[in-house]
Amino acid sequence: MWTTAFEYAATGHSIKLQVFGRHHRQKRGPALLYFHDGLFNQGQIESAHALAEALSDSCVVVCVDYPLAPGVQFPQCIEVAYQALQWLSEHAKVLGANAKLLFVGGERAGGNLAAVTALLYRDRGLRAPAQLQGQVLINPMLDALQTSPSLASLTESPCRAAWADYAPCPSLAWHPYVSPVQSCRLAGLVNALIISEQGHPLVDEAAAYAKKLLLAGGQVQHWCVSEKGWAQHAPLIRQWMTL
């Protein structure tokens with residue numbers, strides 16, 4: 001693992017990136033831009049290390065130390081995420097990766113940023129020949145309205161404070177770049193692998209998003225697993241990325 005950074009132009013924040021993978025390979029493989037676990041207002045890049053290391057034998061993984069709310073809120077945080085994708089597309093060759101085989105992924109709030117980055121890619125694209133091929137969403141936070149049965153059943157949900165810090169204006173909860181599951185325009189997105197865990201508070205959001213992507217004509221695999229953690233997730237992700 002080695003560390004680098006880029007500067008987010010709008011605020012001057014230095015965004016740390018941690019790179020995992022064998023960059024000396026002759027055959028350039030895929031690269032995964034990964035947004036770590038957390039709740040918008042908490043989390044740390046170190047939580048992504050185990051999964052990144054588990055995947056690093058088959059792809060280059062770039063973990064993003066994205067800024068947390070309320071210090072940086074919507075929409076600045078998604079612009080950081082999109083700029084990170086641009087950075088990866090521009091540096092893929094140096095990393096030993098194929099710029100035509102880029103993926104985004106993340107867990108919980110990181111899953112939201114990955115899903116939104118896929119939306120931004122559809123709407124904005126990248127400079128050729130870079131191409132985004134897919135999105136990996138693990139227990140993603142996709143609904144600022146927090147209407148799913150699995151989340152509403154909680155007496156106290158840490159997601160409430162996280163959403164309030166990230167998107168403090170109530171009307172933002174309907175914005176498709178805040179709540180992708182509420183979007184009515186989901187056609188044209190890259191393929192998706194959605195992994196949820198049985199009994200997780202966000203399991204219903206994951207299922208709802210998978211269904212909406214399928215109805216919009218997308219290619220989706222949704223796995224609801226019983227085991228938790230990177231040891232279960234890594235083989236699914238590795239297999240899916242090499243299909």
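Phe-40 and Tyr-166 are both buried, that is, under 20% relative accessible area with a 1.4 Å probe and protein chains only, where over 50% is exposed and the range in between partly exposed. The model is predicted, so local features need pLDDT of at least 70 and side-chain atom pairs pLDDT 80 or more, whereas totals for chains, interfaces and linings use all residues. Residues are numbered from 1 along each chain as its sequence is written, and side-chain values use heavy atoms, without hydrogens and water.

Rings of Phe, Tyr and Trp (its six-membered ring) pair if their centres lie within 6.5 Å; planes under 30 degrees apart are stacked, over 60 edge-to-face and the rest tilted. By this rule there are six aromatic pairs. Phe-40 and Tyr-166 form a stacked one, with 3.9 Å from centre to centre and 10° between the planes. Because Phe-40 lies in the loop between strand E3 (29–35) and helix H1 (49–55) and Tyr-166 in helix H5 (residues 158–166), the pair ties together parts 126 residues apart in sequence. Helices (H or I, at least four residues) and strands (E, at least two) are DSSP runs numbered from the N terminus. Ring pairs also join Phe-40, Phe-74, Trp-163 and Tyr-166 into a cluster.

The ring centres of Phe-103 and Trp-240 are 5.7 Å apart and the planes stand at 70°, so this pair is edge-to-face. It links distant parts of the chain, with Phe-103 in strand E5 (residues 97–107) and Trp-240 in helix H7 (residues 230–241), 137 residues apart. Phe-103 counts as buried because its relative accessibility is 6%.
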